[in-house]
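User: I have a model open and want to learn how to read it. Could you take me through some of its features, one at a time?

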Amino acid sequence: MPAVERVVLDAQGVERALARITHEILERNKGTDGLVFIGVRSRGVDIAERLAAKAAEIEGVRVPSGIIDITLYRDDLTRAAQQPQVKGTDIRFPLDERQVVLVDDVLYTGRTVRAALDALMDFGRPRSVQLAVLIDRGHRELPIRADYVGKNLPTSVNEAVQVRLKERDGCDEVVLVPAEEG
Amino acid sequence: MAFTHQHLLGLEGVSRDELLYLIDQAAQFKEISERDIKKVPTLRGKTVVSLFYEASTRTRTSFEIAAKRLSADYVGIASSTSSSTKGETLLDTARNIAAMRPDALVVRHSAAGAPHFLAQRIDCPVINAGDGAHEHPTQALLDLLTIRDRLGRLDDLTVAIVGDILHSRVTRSNVHALRALGARIRLVGPPTLLPVEATSWGEVHHDLRSGIRDADVIMMLRLQRERQGRNFLPSLDEYSRYFCLTRAALEAARPDAVVLHPGPINRGVEIASDVADGAASLIMDQVTNGVAVRMAVLFLLTSRVRQAAADAAGAMIEEPQPERLRRSVG
């Protein structure tokens with residue numbers, strides 16, 4: 001039942017979190033020089049685009065952004081219950097010596113980030129890779145942490161975090177739902 | 001959408017949605033071949049074995065490169081160096097290979113139905129890499145991907161297939177696929193090289209220019225000289241005089257028509273060099289796309305196996321995760 005959905009971040013909250021993350025990224029990297037955003041499919045791509053747009057407003061420079069699809073790098077392909085679908089990687093610039101900000105919506109087990117790091121390394125040798133996520137919900141299974149976090153959200157493994165973004169879902173919000181609800 | 005067939009034996013019976021899914025997935029694999037590091041770890045630890053009982057350069061190399069770019073181990077067996085020269089039957093050879101637990105078996109054989117025969121008897125996905133005059137599914141898939149890349153669509157196509165239709169497995173796979181996609185099909189060639197069932201596949205033409213008139217796509221076929229033992233043609237010269245696609249003949253087609261050929265080409269027999277190497281020719285794009293198509297097929301069939309294995313084990317290893325859960329993982 002949709003009634004059990006709990007909104008943990010509303011549209012304004014999402015907007016503020018992304019604005020703050022953008023400032024933090026610009027501060028840490030001292031501007032946009034050498035900076036690139038790589039979004040993890042699917043919602044990481046939308047968030048990376050928003051960060052790039054906000055950075056352009058602040059610095060007047062458009063930071064290049066790309067898309068990474070981690071399907072071919074997943075560690076659970078042999079266990080996937082459904083046929084995985086490849087949606088494609090699109091990085092149209094060299095990553096060598098760049099400061100890459102990897103962007104995803106939710107940081108959970110860390111396995112997606114591990115896969116994305118492996119994929120990134122196949123495209124070159126970045127000077128550094130930083131991780132930006134809208135939600136960190138805990139329950140890491142690998143030694144991975146985020147450099148920029150929109151909101152730390154303590155969760156139970158029986159809950160699911162659902163990020164909704166205007167580009168894809170018509171509205172900006174983050175909700176917590178019981179996993180059994182599907 | 002998914003491709004849930006256990007084997008890829010042919011395109012007969014493969015639906016429009018499944019075809020488009022296969023082509024969409026193949027398109028996503030193209031980018032890997034453009035990288036500096038042309039390798040992804042996806043099929044690490046998987047073994048792909050190919051059994052080629054007929055000569056092949058393109059298809060065999062293409063499957064091998066596809067498997068290796070996915071990090072699978074690839075073992076290629078050619079009939080000339082296999083125990084078939086000592087009298088071992090196809091089934092015995094295949095059983096022995098299956099006993100070594102490969103994750104996919106790629107088969108080319110001169111007998112139509114050989115891959116189907118094996119698929120029923122061994123416990124591993126079988127991919128047909130060409131069986132007699134029956135089917136060559138990955139060729140038709142790469143043809144479709146190549147057409148879509150250039151023309152931007154697969155709807156509302158007029159496709160002329162020209163040449164040695166009788167012996168052509170490429171034609172049969174393409175006819176199944178093009179019919180599923182609703183294309184207008186023309187089959188063009190001398191009466192001796194057209195099978196009786198061609199009239200049920202599309203319009204039959206015996207004149208090259210009328211056959212390709214206003215066509216969007218011209219698929220030239222290799223004149224299979226190794227199968228011409230029974231006097232299908234008075235002479236090669238006569239064949240090429242009537243059916244060789246020259247620049248002059250090509251003018252009958254649409255100005256933006258594209259020319260495909262599965263290779264190997266007989267220059268000056270079925271296709272003139274200036275057409276094969278000209279702007280309308282997509283022959284090299286076909287070869288490039290062949291690798292992506294075979295990567296997609298290997299990927300999809302081996303992921304299907306995991307699902308089947310999980311089903312067979314009595315329960316899924318994991319419950320199917322709802323969409324929102326999968327999104328938030330990681």
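User: What is the pLDDT over residues 314-330 of chain B, and how many contacts beyond four places in sequence does the model have for them?

Analyst: Where pLDDT is low, the coordinates of a prediction should not be read in detail. This is a predicted model, and in chain B pLDDT stays under 50 over residues 314-330. The model has 31 contacts beyond four places in sequence for that stretch.

User: What is the mean pLDDT of chain B?

Analyst: For chain B the mean is 90, and 91% of the residues reach 70 or more. For the complex, the predictor gives an ipTM of 0.85 and a pTM of 0.90.

User: Into which domains is chain B divided?

Analyst: Domain 1 of chain B takes in 16-134 + 289-313, and domain 2 of chain B covers 137-285. Their C-alpha centres lie 26 Å apart. In the contact there are 19 residues from domain 1 of chain B and 17 residues from domain 2 of chain B.

User: Which elements supply the side of domain 1 of chain B that touches domain 2 of chain B?

Analyst: At least two residues each come from helix H1 (16-29), strand E4 (126-131) and helix H12 (283-312) of chain B. H1(B) gives the most, with six residues. By type, the residues on that side of domain 1 of chain B are nine nonpolar, six polar and four charged.

User: Now chain A. In what order do the strands of its open sheet run, and is the pairing parallel or antiparallel?

Analyst: In general, the strands of a sheet pair through backbone hydrogen bonds, and the pairing is either parallel or antiparallel. In chain A, five strands form an open sheet with parallel pairing, in the order E3-E2-E4-E5-E6. At the edges are strand E3 (65-68) and strand E6 (148-152) of chain A, each of which pairs on one side only. From one strand to the next, the twist averages 25 degrees.

User: Over how many bridges do strands E4 and E5 of chain A pair?

Analyst: Strand E4 (residues 99-107) and strand E5 (residues 128-136) of chain A pair over eight bridges, in the parallel sense. To see one of these on screen, pick Val103(A), whose bridge partner in E5(A) is Ala132(A).

User: Which strands of chain A does helix H3 of chain A touch?

Analyst: Helix H3 (residues 111-121) of chain A packs on the sheet and touches strand E2 (35-40), E3, E4 and E5 of chain A. The direction of H3 makes about 155 degrees with that of E4(A). Helix H1 (residues 11-28) of chain A lies across E4, E5 and E6 of chain A, and runs at about 150 degrees to E6(A).

Note on methods:
Residues are numbered from 1 along each chain as its sequence is written. Chains are lettered from A and ligands numbered from 1 in the order in which they are written. This is a predicted model: local features need pLDDT of at least 70, side-chain atom pairs count only at pLDDT 80 or more; totals for chains, interfaces and linings use all residues. Two strands pair if DSSP finds at least two bridges between them. Helices (H or I, at least four residues) and strands (E, at least two) are DSSP runs, numbered from the N terminus. Axes are lines fitted to C-alpha atoms, for helices over the stretch in contact, and angles run from 0 to 180 degrees between N-to-C directions. Two residues are in contact if their C-beta atoms, placed from the backbone, lie within 7 Å. pLDDT is the predictor's confidence in each residue, from 0 to 100. Domain bounds come from an automatic or database domain assignment. Ala, Val, Leu, Ile, Met, Phe, Trp, Tyr, Cys and Pro count as nonpolar, Asp, Glu, Lys and Arg as charged, and the others, Gly among them, as polar.
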